Amino acid sequence: AYVKKGAPKYSSLELKRMKNLKLFKRGLGALALSVALLLLPSAFMGTAWATAVWRVVNPFSNVQPVCLTHILEVKPGNTTVLKGSSLVLVASVQGKHGHEVRLDVDPDDGAKITYGLGSVVRSEAGDFKHHIAKVGTSLRYRFRAGDAPPTDWYTVKARPPLAFTDLNVAVAPPGYTGRPAAKYDAVGDELLLPIGSKATVYVSCNTPLESLSMSAGDGDPVAMKKTGKATDWMGSVTVSDGGSISLTAKDTYGVELKQRIAYTPIPDNPPSVDVVSPTGRIVLSPGEQPKIEFRVIDDYGLVEVSVEQIVKRDTEKPTQKQERQWSNLSGDAFNQVWKGEGVDNDGGALEFRIIARDTCPFATNVTTSASIFFNADSREDAAKKLDKLEKGAFAGLQEILELQRRHIATTRKYVPIAKDVSAEQLNDTADRQRNLRT
């Protein structure tokens, strides 16, 4: 029933008669006076009054209060420096004469310290500096100047100098050497590395690295790889005779560090050939064959040993003729007595040498012994020497017979008069007899 009556007719109401005009006018006056009092100071104080009013109206505003002194710039701000290096903190300040500038430093390992940096002396901007001779730890800092609000806290992170904290080398010698794998502390151990070995270097650093490379001797650098963390790396090179492995590290700040790992290279020495006999020139009779006794020793093993004859002819260059070869050898020592078969020794000098090759797969080591000489007479020369010896023997025999005849004659001469013969005469006869016997 109430809804059916419809809405009230507000237009019929006399609102003016309902207002308290006197009280309304008083309210408008009070509002105008308040606005006038709020705006009037801005004519004398400028933006300082407007900023203050706004900060009151909006407590969450980021607008900074108006002040007479301003901190314009702070250097270096947030930064990272090398531990032990120097650092200069700078604030650029502009403001009222006499306002003091201060620096608050809060180190990680100590209490907060405040330093006075002086006072503003002119209206232009000026720098206020504080020098830290040696940064030993990370810290926070901020500047304060006059009525200016303090700066934010800035952070200085002190990082240690780049260094290797751990260096290890794992060595896998070539298989043919028979040497076992080994691990070394590259800092404290003496490294004995066979040439041709695979050396794997494990490196740990005190700070993350951007890159790390290594090289053996004068070889080209090889990039190393991370093993998980940016501080742990590894890489492999083949050991050469250079005597060192060079590491070059670069951290995330661009600082480089070079380290040299010294080692003693163990070479694969060539075989040694020792000729036991003959020790000098041997004279062979016609048809007699040469004989050589020798010994060959190598570090890791022999693969082949041979005996060669150097054949020289007047109209040709010397040539090599292989007399005997021993292949597929095992072990690092070889002893042999070689007897020539079918060697032509019909006059002239015979020259031989021993050739030994080891098992080195990189570049086979070959050792050639000094020449071994035999003198062999031809049948004609041997016949001449024999004839000469026979003639000498015959002449000697004739001389002996003649002396013997003279001795017998002398003896017979002294037999009838033996009693009258002097001792000197008998001694002379006895000496001739002794010479004949010798």
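Strands β13 and β14 form a hairpin with five residues between them, and Gly217 in the turn has a positive phi of about 60 degrees. The model is a predicted one, in which local features need pLDDT of at least 70, side-chain atom pairs count only at pLDDT 80 or more, and totals for chains, interfaces and linings use all residues. Residues are numbered from 1 along each chain as its sequence is written, and side-chain values use heavy atoms, with hydrogens and water left out. Strands (E, at least two residues) and helices (H or I, at least four) are DSSP runs numbered from the N terminus; two strands pair if DSSP finds at least two bridges between them.

Met214 has Val222 in β14 as its bridge partner. Strand β13 (residues 209-216) also pairs with β17 (residues 244-251), in the antiparallel sense and over seven bridges. Here Leu212 stands opposite Ala249.

In one of them, the side chains of Asp251 and Arg159 meet at 3.7 Å, N to O. This pair links distant parts of the chain, with Asp251 in β17 and Arg159 in β8, 92 residues apart. Asp251 is buried because its relative accessible area is 1%, the cut-offs being under 20% for buried, over 50% for exposed and partly exposed in between (1.4 Å probe, protein chains only). Arg159 also counts as buried, at 12% relative accessibility.

Strand β8 (residues 154-159) is in turn joined to β2 by four bridges, and the two run parallel. In this pairing, the bridge partner of Thr80 is Lys157 in β8. Both strands belong to an open sheet of five strands in the order β2-β8-β7-β4-β5, with mixed pairing. Its edge strands, β2 (79-82) and β5 (113-119), each pair on one side only.

The side chains of Asp274 and Arg295 meet at 3.2 Å, N to O; Asp274 lies in β20 and Arg295 in β22 (residues 291-297), 21 residues apart. Asp274 is partly exposed because its relative accessibility is 39%, and Arg295 is partly exposed at 34%. Glu304 forms a salt bridge with Arg357, the closest N and O atoms being 2.9 Å apart. Glu304 is in β23 (residues 302-313) and Arg357 in β26 (residues 348-358), 53 residues apart. At 18% relative accessibility Glu304 counts as buried, whereas Arg357, at 28%, counts as partly exposed. Salt bridges that share partners also join Asp104, Arg142 and Arg144 into one network.

Most residues other than glycine have a negative phi, and most peptide bonds are trans. A cis peptide bond joins Lys75 and Pro76, with omega about 0 degrees; Pro76 is in the loop between β1 (70-75) and β2. Another cis peptide bond joins Ser277 and Pro278, with omega about 5 degrees, and Pro278 is in the loop between β20 (272-277) and β21 (282-284). Asn328 is not a glycine, yet it has a positive phi of about 50 degrees. Asn328 lies in the loop between β24 (316-327) and β25 (333-339), and it counts as exposed because its relative accessibility is 74%.

Methods
Salt bridge = Lys/Arg side-chain N within 4 Å of Asp/Glu carboxyl O.
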